[in-house]
Amino acid sequence: MSDQPIPLSGRILDIGVRFLPHLVLFAVIIGAWEISVATGLITSIIIPRPSAIWSAIVELYITEGTIYRHFFITLTEAVVGFAIGAGVAVSLAIASSLWDPFRRYVTPYAVVLNVTPGIALTPVIIAWFGYGMGSKIALAAIISFFPIFVNTLTGLVQVDEDREELFNSLGASNVQVFRKLRAPAALPLMFAGFKIGLTTALIGAVVAEFAQATDGVGVLMSRFSFQLNMAASLATLLSMTVIGLILFYSMEFLDDRIVFWRRESRRAAASRARARTWAAQAKK
Amino acid sequence: MVKHEQSMAAAGDVVVSGLNVGKTFAAGTVVALENANFDIKRGSFVSLVGPSGCGKSTLLRLVSGLIEPTSGEIEVHGTPVNGPRADISMMFQKATLLDWRTSLENVLLPTEINGTPSKADKNRALDLLKLVGLEDFAFSFPAQLSGGMQQRVALARLLQTGADILLLDEPFGALDEFTREHLNTELMRIVAEVRATAIFVTHNITEAIFLADQVVVMTSRPGRMAKIINVDLERPRPLSIQTSVEFNKLVEDVRETLGAV
Amino acid sequence: MAVQDATSEALVDTLERSLRNRRIAKHVGIFLTLTLLWELGSRMGWLDPLFYPRPSNIIRSFWLIYFQNANVWFHLYSTISLVILGWVLGSMLGIGLGALVGFNTVIRRFLKPYVIVLEATPRIAVAPLLIAALGFGVNSKLAIIMLVCFFAPFINTLSGVINVNEERLELFRSMRASKTQILRKLVLPDAIPVIMAGERLALTAALSGALVAEFIQRDKGIGSLILVYTRNLNMASAFACIFTLTIIGFLIFKGMEKLDHYIAYWKYEGGRERMSAKRKRTMVEP
C-alpha cells in the first residue's frame, strides 16, 4: 500500500467505475420503457413515456419553476410538524422518565395514540385547523409524536447496571446522573425515533395536502393525477423523493455528529478535536 | 523447523497427519501458519496452545477441512482432507446452538443433515445428553440454559455422529473457571469413554496441559509449531494434579518455549 | 437496515404491568374523572363542541352507528376486508422479492440505489396517481394498500436473509450441509422474527393506506365515514369512528403479538415453555 495520496484523476476514475454499471442499467431501463410506450406495448395513458416525464420535469423545475414554491411549503410543513411533535414528545418522555407516577398515568394515553392510525385524524384536523399550512403541520406533529416519544422514553429508562453503580459510587446527584449518563445513553434510540418521526411527519403533511389544500407537492401531485397528466404527476413525485432524501440525510448527518461515538470515522475525528481543545487549554 | 521433544510418529495407528502444512491469507501477505508437521495417534488427546495469531485455530480448521492449506497436505485416516468429512466432528468457541430448537433437536442436527434421524439416532441423542448430565433439559431451549449448559449440549452434538476425530476450538474459553474445570474433567471422561482422538485448541496453558497427552506449543508471527511436549501424567486426572511438581514443570516448559521465541 | 418497532411493545408491557398491579382502579378513576369534567365543561358551554364533542354524544353515536342505524358494519367490512387482502398480497410480494434479492448478490447491488430512492419516497403519496391510473374503486384501493405494505416486509426479509450468523454458517459447513439444508434449517428460521416484525409494520401501514384511499375516493369504508361526518360537523360520530379504529388498531396489535408468540416462539419465555412441553409430549409418545 503506497503512502502517496491517490491522484484526483484516479479518484474520479474510481468513482466513475463504481457508478458505471448503475448508469448503464438505468439507461437500459429508461430506453426499454420509452420504446415500450412508443410502440404501444404499454398504454401511455397509465404509464407515461420517460421523455414526457422529462419534459414535465424540465417545465416544472427549470422553465416555469412552479414546483419550488410547493416544494418548500411541503418541506416546511414536514419539518415544523416534526419539530413540534419532537419537542412535545421529548419533553413528555423526559418527564415520564424522571417521575414514575407521571409515566404510569401518561402511558395508557400514549398507547391509545399509538394504536390509532394517525391518518384517521386527517379530516378532523382539517376541520380544526383549516385549509392552510396549520392543519398539515398539526397532522405531521401528531403522527410523528408517538415513535419519538416511545424511543426517547425507552432510551432514557434503559438501565446499564454497571454504569449506574459507577455513578453511585462517585456520589453523583440525580441531576448529574441524568445529564451525564441517562441523556447521552439515550441519544442513539432518540435518533432512531427521530428518523421514524421525520418520515411519518412527511407522510402526515402530504396526506393532509391530499385531503384539502392549495399549495404543496401533495396537492400538485393530486391535481396532476386527476387531470390525468401522469408525466407531471411523476415529475412532482420526484420532488417528494428529494424531500424525503433531504430529510433522511439531514437526520443522518445530525445523528453522525451528535451520536459521534457510533462510527469509527467520527470517533477518530472527535478524538482529534478533543485533543486540540485540551492542548489549546493547556497553553493558557 | 519444528523441534520435537520426542518423536510423535512412534509405532501405532496414526489417524491425523500433516506434512509441511502452511496457510497464508490475503495473497500471501499474512502467514497464519507455516511448516506444520504432525502425526497424531489414535486415541490421543492433543492440545494446541499459544497466544493469538499463532495459527492454532487455523491449524484446526485446516484439519477439519473448512479451509484449504496453501502448502503441504493433511491426511485423516490415510486419505487427504478435501473438505469437511464424516469422520471428523468439530466444536466451536461459541455453543452456536439454534435457538428455535430444543437441546435434543440441536444434538440431532448433524444426523438430520445426513438424512432422516432414526429411532436409534434419537435414542443416541438422549443418551448423549445423559452423558453430559443434561437429560432433564432435553426439551429446553438454549435461552433457558446457562453458558456452560449450552456448551455441554454442543459437546453432545459433537459426539452425535460418532466421528472418532474430535476437533475443539477453545470451547470453554467464554466460561468461568469453575465451569471450565468441571467441563474439562467431563470432556476427558467422555473422550476416553468413546475412545476418540481429540485435538483441542486453547490459549490457557493450564487447561492445555491438564487435558492432553501431548501439548503442541505454537508461537506467532509467523504461526508455527515451536515444540511438542509429552504429558506423561496419570489418567484419569484429578484436578489436584494441577498443583503437583510435575505439572508445574510442564507449565514452565511451555512458558519458556513461548517466551523464548 | 431492518425496520423495527420493538420499543412500543415495551411501553405496552409497562402499561399491562401497571394495570395488573391494582392500579387499574386509579387509571379508571382518572379516566372517568377526565371524562366527567369534559362532559360537564361541554354542558356548561365552556367547551366548543367542534373541538370537544360531548362524551355522552360520542357514546350515543356509538349506539347509533353500531346498533340503531348499524351503518358502520358495512363500512367496517369494506375497509377491513381490503386491508387484509392487500396486506396478505403486498407482504407476500415483499417477502418473496426480499428473499430473492437477498440470495442474489448481483441483483442486490444493482437494486440498491432504487431501494434507497423508494425508501425515501413516502409510498402513500402515490395514492392519487394510482387512483387516477386504475380508476375509482376496489382495484386502486387494493393497489395502494399493497404498495404501502410491500416495503417493510421486503426490507426485513432482505435483512434477515443477508444477516445470517457467521458462526452458525461455519457450523453447518462443518456438518457438510447442502445449500438447501442451510436455507431450510438455518436461514429461514433465523429470519422469521425479523419477517414477523416487518409484517406487523405492514399491517399498520395497510390500514393507513386504506384510509387514505378512502379519503380520496370517498365512497365507502371507515375513512369515508369519518370524512362525511366531519364535513357535516358531526364530530361526535367522527370520534366514534376514530375510536373504532383505535379498537381495531389495538386488536391488530394484540393479534400480531399473539401470532408472533406462536410463530417466533423461541423469543418469548412463555413460547419456549409451551414448545418445550409440546416437544416433550410428542417425543415421549412411542
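Chain C of this predicted model has a mean pLDDT of 88, with 92% of its residues at 70 or more; pLDDT is the predictor's confidence in each residue, from 0 to 100. The model as a whole scores ipTM 0.85 and pTM 0.84. Residues are numbered from 1 along each chain as its sequence is written, while chains are lettered from A and ligands numbered from 1 in the order in which they are written. Local features need pLDDT of at least 70 and side-chain atom pairs count only at pLDDT 80 or more, whereas totals for chains, interfaces and linings use all residues.

**Confidence along chain C**
- Helices (H or I, at least four residues) and strands (E, at least two) are DSSP runs, numbered from the N terminus.
- Where pLDDT is low, the predicted coordinates should not be read in detail.

**Where chain C meets chain A**
- Chain C brings 43 residues to this contact and chain A brings 46; two residues are in contact if their C-beta atoms, placed from the backbone, lie within 7 Å.
- On the chain C side, helix 1 of chain C gives the largest share, 11 residues.
- That side has 32 nonpolar, 10 polar and 1 charged residues; Ala, Val, Leu, Ile, Met, Phe, Trp, Tyr, Cys and Pro count as nonpolar, Asp, Glu, Lys and Arg as charged, and the others, Gly among them, as polar.

**Where chain B meets chain C**
- Here 19 residues come from chain B and 16 residues from chain C.
- On the chain B side, helix 2 (residues 103-113) of chain B supplies the largest share, 3 residues.
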